[in-house]
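Visitor: I would like to learn how to read strands, helices and contacts in a model of this kind. Could you take me through them one feature at a time?

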Amino acid sequence: MIELSGISRDFQVGEETVHALADIDLTVPDGDYLSLMGPSGSGKSSLLNILGCLDRPTRGSYRLDGREVARLPEEELSRIRRQHIGFVFQFYHLVPRLTAAGNVELPMIFAGVERGERIERVDRALREVGLSARARHRSEQLSGGERQRVAIARAIVMGPRVLLADEPTGNLDISAGREIVRLLEERNARGLTVIVVTHDPDIGSRARHRIRLADGKIVSEENAVADGAAVGLRSR
Amino acid sequence: MSFRDLVGFAIGALRGHRLRSGLSLLGVAIGVASVILLTSVGEGARLYVTGEFATLGSNLLIVFPGKTETTGISPFLTEAPHALTLEDAEAILHHVRSARRVAPIVFGVAAARVGDRRRDVGVIGTTSEFLGVRQIRLRSGRYLPAGELARGQRVCVIGSKVQSELFGARNPLGEILHLGEERFRVIGVTAPRGLSIGQDLDEIVHVPVSRGMKLFNKISLFRILVEISSHQEIPAARRNALELLKERHEGFEDVTIWTQDSVLATFSRVLSLLTAALGGIAAISLTVAGVGIMNVMLVSVSERRREIGLLKAIGVMPRQVVSAFLVEAALLSTAGGALGLAAALGATRLMRTMYPSFPARPPFWVLPAALSVSIGVGLLFGALPARRASRLDPVAALARR
């Protein structure tokens, strides 16, 4: 459960203070499927960074599973990211010198997971994204869609509660993008909270819980579940 | 995270840019190798000199005229008001109890001639005792005859090189050798020995001391070598000899007496200093290598911004980022150090085969020192890049393509 109240994020640009986020209140229940939409500069990436504990809000309260995390020191935030949060980025951010398996293994190496268990979990994660056959390939030998699937495997391998995807299909063709969305929704169906930042309305509208941002403020919030409406899975 | 995993990660990162890693590793290798090589040469010089002093004979006092005003190996002598004479040498032998043998010495260079072959030779005027004191071995004939110091016969003993150059294959024994205007009968040839304390004994002609003094028109001896019967007696013998000579020289303390120990200690000290200085100079290259590592690591950090950003996003703690980069730098420098060590050991071995008389040998502490210094260099010069990496803002690092 994520509870944001009165979250603001200011940036100092020269003399000027830019309000990237202004007074955001948002509740994301466990297992939610949330899309953040809005034009560039609307604050959706800033919000995602704060949700992912990569960035700290200037003001406001962020409670993650009941724990106030907005003012935690960097070390603690790292621990939270490691245990509770998975990231998927538009540009995949795979480490180019590592194989697909090596990239998936990375979070576990630094989390101190035993080698035997790492191998097992890498296998499982790659199987779940359908890339077992590509485990020994380096990222330059993989297509964009495959790279993003490796990134998803890496994001889920530590068993997080929340998966944050920043324009996950932004660099992919339609069919590869569809496959990524399918994978994310599959994780969501199995209980993972999925938060997607996108400017693609077809993808954004698939989420049960939809937020539009403009100028750092939430301008609309629709929640199919809360509204009692059935969520139709429109095809793209 | 285990240390093994950390090292594995670092090795993977280093292999990601082999040329760069290899070059900075080479820098450390050169630095470490030059430190070891130069200290080996210094240490070799020290061993060589101390070894040479050992061949000088044991338990030696070296008396020479004049008073040293400063300590050190290069004596600045004041004018001696009294000559150091043969009588002084005899007095030492008779009155210093523990003096076993006394060898007075004059030294000069003279033109030697045999038939129409000529060359300049060093001439030592001394006595029969010189043989034992300097541990000289003869190849043929005999050494200078014992007898009264003042009455020298016109005989000489020649070095092996003097023999081959002036007599060729002929047997020189009984032949006449001209030194300046004087004729000397050759009675012995010394065995080849090579350099000893800067003198090539193979190129020396030995003549009776009184002949030598006449030849060079000297009234004072150059040195008196005094062999003391045991090592423990040396300080007392030195004091006795000093007092004796002061008495004989009307109360002037105008001679200096070195003990072999003190000369050895001085040389050893000077050469250790030389070794340290050489090592210090070579350490500059090690510092340069360290800066090279720092540079490579800084390049690596800025090139791997995305990777570092990602590591932070997946929950790698700042101190883990620091240790990952430190381990990387330390691996580079340690591998470089090991390479440099191997190269230097090989080079010193080669030097020993090429110049067997010069014991170029790394000092014993070189192995642990080289390895710990190279690890230290890596950690020291890796610290700044590692900190920079750990402070990278993940949001900014990941935002860039």
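Visitor: Let me begin with the strands: how many bridges join strand 1 of chain A to strand 2 of chain A, and in which sense do they run?

Guide: Please keep in mind throughout that this is a predicted model. Strand 1 of chain A and strand 2 of chain A run antiparallel, and nine bridges join them. To see one such bridge, take A:Leu4, whose partner in strand 2 of chain A is A:Leu26. The hairpin that these strands form has two residues between the strands, and within this hairpin A:Gly14 takes a positive phi near 65°.

Visitor: Which strand of chain A pairs with strand 1 over five bridges?

Guide: That is strand 4 of chain A, residues 59-64, which pairs in the antiparallel sense with strand 1, residues 2-13. In this pairing A:Ser5 stands opposite A:Ser61 of strand 4 of chain A.

Visitor: In what order do the strands of the open sheet in chain A lie, and which are the edge strands?

Guide: The order is 2-1-4-5, an open sheet of four strands with antiparallel pairing. Its edge strands are strand 2, residues 16-28, and strand 5, residues 67-68, of chain A, each of which pairs on one side only.

Visitor: Turning to helices, is helix 1 of chain A mostly covered or mostly uncovered?

Guide: Helix 1 of chain A, residues 44-51, is mostly covered, with eight of its eight residues buried. Among these buried residues are A:Lys44, A:Asn49 and A:Ile50. After helix 1 of chain A comes A:Cys53, which has a positive phi near 60°.

Visitor: How should I describe two helices that pack, and at what angle do helix 3 and helix 4 of chain A meet?

Guide: In general, two packed helices are described by the angle between their axes and the distance between the axes. Helix 3 of chain A, residues 100-111, packs against helix 4 of chain A, residues 115-128, at an angle of about 120°, and their axes are 9 Å apart. Helix 3 of chain A is therefore oblique to helix 4 of chain A, and the crossing is right-handed. On the side of helix 3 of chain A the contact includes A:Val104 and A:Met108, while helix 4 of chain A brings residues including A:Val122 and A:Leu126. By class, this contact of helix 3 with helix 4 of chain A has seven nonpolar, no polar and three charged residues.

Visitor: What is the angle between helix 3 and helix 7 of chain B?

Guide: Helix 3 of chain B, residues 86-95, and helix 7 of chain B, residues 234-248, pack at about 135°, with their axes 10 Å apart. These two helices of chain B are therefore oblique to each other, and their crossing is right-handed.

Visitor: Finally, how many residues does each chain bring to the contact of chain A with chain B?

Guide: Chain A brings 22 residues and chain B brings 20. On the side of chain B that touches chain A, helix 1, helix 9, helix 10 and helix 12 of chain B each supply at least two residues. The residues on that side of chain B divide into eleven nonpolar, five polar and four charged.

Notes. Residues are numbered from 1 along each chain as its sequence is written. Chains are lettered from A and ligands numbered from 1 in the order in which they are written. This is a predicted model: local features need pLDDT of at least 70, side-chain atom pairs count only at pLDDT 80 or more; totals for chains, interfaces and linings use all residues. Two strands pair if DSSP finds at least two bridges between them. Axes are lines fitted to C-alpha atoms, for helices over the stretch in contact, and angles run from 0 to 180 degrees between N-to-C directions. Angles under 35 degrees count as roughly parallel, over 145 as roughly antiparallel, 65 to 115 as roughly perpendicular and the rest as oblique. A crossing is left-handed if the near helix is turned anticlockwise from the far one by less than a right angle, and right-handed if clockwise. Two residues are in contact if their C-beta atoms, placed from the backbone, lie within 7 Å. Ala, Val, Leu, Ile, Met, Phe, Trp, Tyr, Cys and Pro count as nonpolar, Asp, Glu, Lys and Arg as charged, and the others, Gly among them, as polar. A residue is buried if 20 or more other C-beta atoms lie within 10 Å of its own, exposed if 12 or fewer, and partly exposed in between; C-beta atoms are placed from the backbone.
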